Amino acid sequence: MFKVVVDTLRKSYGDVKAVDGISFSVGDGEIFSLLGPNGAGKTTTMEILEGLRAKDDGEVLVLGLDPWKAGYELHRKMGIIPQGFRFFDYATPREAIRYYAKLFGVKADVDHILKEVILEDAASLYYNKLSGGQKQKLGLALSLVNDPQLVVLDEPTTGLDPQARRAVWNVIRELKKEDRSVLLTTHYLEEAEILADRVAIMNHGKIIIAGTTEEILEKEGSGERLEVRASESLVDYLRRETKLKVEYSNGTVSILLERPHDAMIALSEVEQSGIEWKSLRTREDTLEDIFVKMVGGSTTEAGEVV
Amino acid sequence: MISISRVIADLQVTSRQFLRSRVGVFFSLIFPLVIMLIFGAIFSGGNGAVTAYVQNNDNAGGIPTQTSAAFVLALNSTGVVQLAPVPPGTNFTQFLVSHSSSDGIVIPAGFEARFRAGEPVNVSVYGSPASQTSAIVSGVATQVVNQFNLYRAGGSAVIKVASLTLKSTGAKYIDFLIPGLVGFSILTAPMFSLVNISSQYKRDKLFKQLSLTPLTRGEWLLSKVIWYIIITIAAFILMTLVGENAFGAHIALSIYILPFLVVGPFLFVSLGMLVGTASNSPESAAIVGQLITFPMMFLSGTFFPISIMPTWLQTVAHVFPLFYVVEGLTNLLTYGNVGPATIDLAITLIIAVAVFAAAVRLFKWRED
C-alpha cells in the first residue's frame, strides 16, 4: 500500500506554473526524496500534501485521504516539519513535546522522544537558546509526538552546519528503522543520496527523473570513465589512433570506457603517445553529475542554481 | 468543537511566554503601578484646601478687635479655605502678586465699631473671575458675612445647608487614576502582545505550524482572550490594593465591574489580532499598533479625567473604544453609578464583536 499517491498534480500562481503535472508515490517504510533547486516547486507540492494549500488539478491521496478536504483528520495521523521550522521562544523542548501531546490528545513518552531525536541534553533550554541543529531536532521530535506512520520533512537541514546536518540524518535513519515512511525535500544532493530509497529530481515544476540512485545513474549516467590530466594534444592523438570516445575540459582528458577491454587500450595508447600526463583515475557519475546535467547548473548552499 | 483541554494546553504555553519574556508583565502590571505611585504622590500633596490671604486691619493697639477676630475664626471654621494672615498695613494687592495669588479677604479698620453701630461696612474680597479658587473664597466670605448679618439682626437661619459626605465625595485624583490605569492595562497588555505575536507568527509560519496540529484558530484565540482576562483581573486587584492602601483611594467595588474586565481584554485581543494579521511585516504592524495605541492611551481618560480637556478634544475621545471602558470603570469604581456604566459596557461590547469579526475574517491558518 502507498502512503502517498500523487498523479498529474498541478498548481499555478497567476501565470507561474509552480507544479506542472507531477506524479509520484511513497511506499510503506520508504524514504522518498524530492530533490531540486529553490523554486522547483517542492514546497508547494509539500504544502498541498499537508493540506495547507489547495491544488488546481490532479489527484492527491495521503494516507488514503484528500489533504485539503480531510486535513484536520490527516494531521492527526502524519508528522510534519514545515520549511523553516520555528517554535515559541520561551518554551523548552520538554514543554513543547508535552504541549503537542496535549493538542493531539495522546500520551507521549517525552523522554523516549527526546532520546529518539538525540535532544536529551537540551531538554530544559528555552527554544531561543537552542542551536540551529537542536531547533531542527525539536521539529523532528514534535513531528513524532502523534506516532505517525508518515513523516513529511521539508528541507529539514537547510542552513545547518555539517555536523548538525549529520545528526539530523541519524535521526531520519532511525525513523526508517521504526518502519515509518518519510517524504523528504532537500536541495542537498548528498542528503538525498545518503538517506533516500528513491529520489525524484524536480525542476521548474516538473519531475525530470525519478527512481533509486542506481536506476538514475544507469539511465542518465555516462558510465565509467578514465580521466587523465594532460594537454589537449592527447585528445587529438587518441581520436586519431583509437576509436575511443574522448572529451576534454579544464586540463582533464576523459576517456569513456564502454567495454572492459577499453581501459587497457586507453592506458597503452596514452603511454605510446609520448605526451606528458599525470594523475590517472577512473570515475563514475554521481547523482550530482546527473543533477548538474539535467538542471543545468549546481546548487549553492542556499539552494540557488548557479 | 472546542476542546477545553487543548485551550488549557495553549493557555499554559501562552502564560509561560508572557511571564518569561517579562515585557508583558512590565507593561501590564509594573508600568501602571509605577505611574500610580508617581502621579499619586504628586497629586496627593497637601490637604487640597484653597489658600486665602486675610488681612485684618481692625486693630486696637496692635490687637485685633473681638468682632474682627470672630470673623476670621468663622472663616477658618468653614474648613474650606486655609487662611494665611497678612500683616495689617501692608499693600494687600502687592502682597497677593508677590505670593502669586489672586484670592484674599480684607477686613477694614473700624469693622467692629461700624458693625456694632449697625452702619454699613465692606469686607473686600479679592479674586480673579476666571479662577475656581476665587469663587470658593468669595463663596466662603459671603457665607460668613450672611451669618454675621443674621446675628446682628437678631434672627435665626430658617434655611440651612446640611453638608453631607457622599461615599464618592471629593473624588480625589487617585480615584480617577485607578480606573484609568486599569483601562491602561486592559489596552496595552493585549494590544502590544497580540500585534507582536500575530505578525511574528505569521512571518515565522508558526500559525502554519499550529495548523498542522488539532488546535483550531478559535481555540488559539480563546486561550489568548482568557489569558488577558486573567492579566486584567490581576492588574485590577493590584491597582485597587495599592490605591486603597497607599493613597486612601475610595473604590466602589461591585460585581458590575467584572463584565468590563472580560469584554475589555476581548476587545483589545481582537484589535491586536486585526492589526497584526492585516500588516505585511512585524515592523509595520508595530508602527500601526502604536499609532492606534498611543493616542487612545492618552486621550481616553487613563491618566487624567477627560473633563479637563478642551471640549473638541473630549469629542475626539469618544472615537476611542478605550474611552468607554475607562468611562464605564470610572462610573462604577469612583461613583458606583451602574446605569451609565451599562451603556458604556454595551458600546464596548458592540465594538468588540465588530473588531473580533473583522479579525477572524483576516486571520488564516492556511492559504489557498
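## How to read this report

A residue counts as buried if 20 or more other C-beta atoms, placed from the backbone, lie within 10 Å of its own, as exposed if 12 or fewer do, and as partly exposed in between. The structure is a predicted model, in which local features need pLDDT of at least 70 and side-chain atom pairs count only at pLDDT 80 or more, while totals for chains, interfaces and linings use all residues. Residues are numbered from 1 along each chain as its sequence is written, and chains are lettered from A and ligands numbered from 1 in the order in which they are written.

## Chain A at a glance

Let's start with chain A, which has eleven helices and 13 strands (DSSP runs numbered from the N terminus: H or I of at least four residues for helices, E of at least two for strands). Along the principal axes, its C-alpha atoms fill a box of roughly 75 × 45 × 35 Å. Chain A has 306 residues, and 39% of them count as buried.

Contacts here are pairs of residues whose C-beta atoms, placed from the backbone, lie within 7 Å. Among contacts in chain A between residues at least 6 apart in sequence, 67% link residues at least 24 apart.

Ser23(A) sits in strand S2 (residues 16-27) of chain A. Ser23(A) is partly exposed, because 14 other C-beta atoms lie within 10 Å. Leaving out residues up to four places away in sequence, Ser23(A) touches Val6(A), Asp7(A) and Thr8(A).

Most residues other than glycine have a negative phi. Glu155(A), although not a glycine, has a positive phi of about 50 degrees; look for Glu155(A) in the loop between strand S6 (150-154) and helix H6 (162-177) of chain A. Glu155(A) counts as buried because it has 23 C-beta neighbours inside 10 Å. Asp179(A) is not a glycine either, and has a positive phi of about 65 degrees. Asp179(A) lies in the loop between H6 and strand S7 (181-186) of chain A, and is exposed, with 9 other C-beta atoms within 10 Å.

## Where the chains meet

The contact between the two chains takes 18 residues from chain A and 21 residues from chain B. On the side of chain B that touches chain A, helix H1 (4-21) and helix H8 (206-211) of chain B each supply at least two residues. The largest share, eight residues, comes from H1(B). Sorted by class, this side of chain B has six nonpolar, six polar and nine charged residues (Ala, Val, Leu, Ile, Met, Phe, Trp, Tyr, Cys and Pro count as nonpolar, Asp, Glu, Lys and Arg as charged, and the others, Gly among them, as polar).

## Two helix pairs in chain B

Helix H2 (residues 23-43) and helix H9 (residues 217-247) of chain B have axes that come within 10 Å and cross at roughly 20 degrees (axes are lines fitted to C-alpha atoms, for helices over the stretch in contact, and angles run from 0 to 180 degrees between N-to-C directions). H2(B) and H9(B) are therefore roughly parallel to each other (under 35 degrees; over 145 is roughly antiparallel, 65 to 115 roughly perpendicular and the rest oblique). Their crossing is right-handed (the near helix is turned clockwise from the far one by less than a right angle; anticlockwise is left-handed). Residues of H2(B), including Leu29(B) and Met36(B), meet residues of H9(B), including Leu238(B) and Val242(B). By class, this contact has twelve nonpolar, three polar and no charged residues.

H10(B) and H14(B) pack at an angle of about 30 degrees, with their axes 8 Å apart, so H10(B) is roughly parallel to H14(B). The crossing of H10(B) and H14(B) is left-handed. Their contact includes Phe260(B) and Leu267(B) of H10(B), and Ala352(B) and Phe356(B) of H14(B). It has 18 nonpolar, four polar and no charged residues.

## Around helix H14

Helix H14 (residues 338-362) of chain B has 25 residues and reaches 36 Å from its first C-alpha to its last, close to the 36 Å expected at 1.5 Å a residue (the expected span is 1.5 Å times one less than the number of residues). Among its buried residues are Ala341(B), Asp344(B) and Val355(B). The buried residues of H14(B) pack against helix H10 (257-278) and helix H13 (321-333) of chain B. H13(B) is mostly covered, with 13 of its 13 residues buried.

Pro265(B) lies in helix H10 of chain B and is buried, with 27 other C-beta atoms within 10 Å. Not counting residues up to four places away in sequence, Pro265(B) touches Ile186(B), Pro190(B), Val225(B), Tyr228(B), Ile229(B) and Thr232(B).
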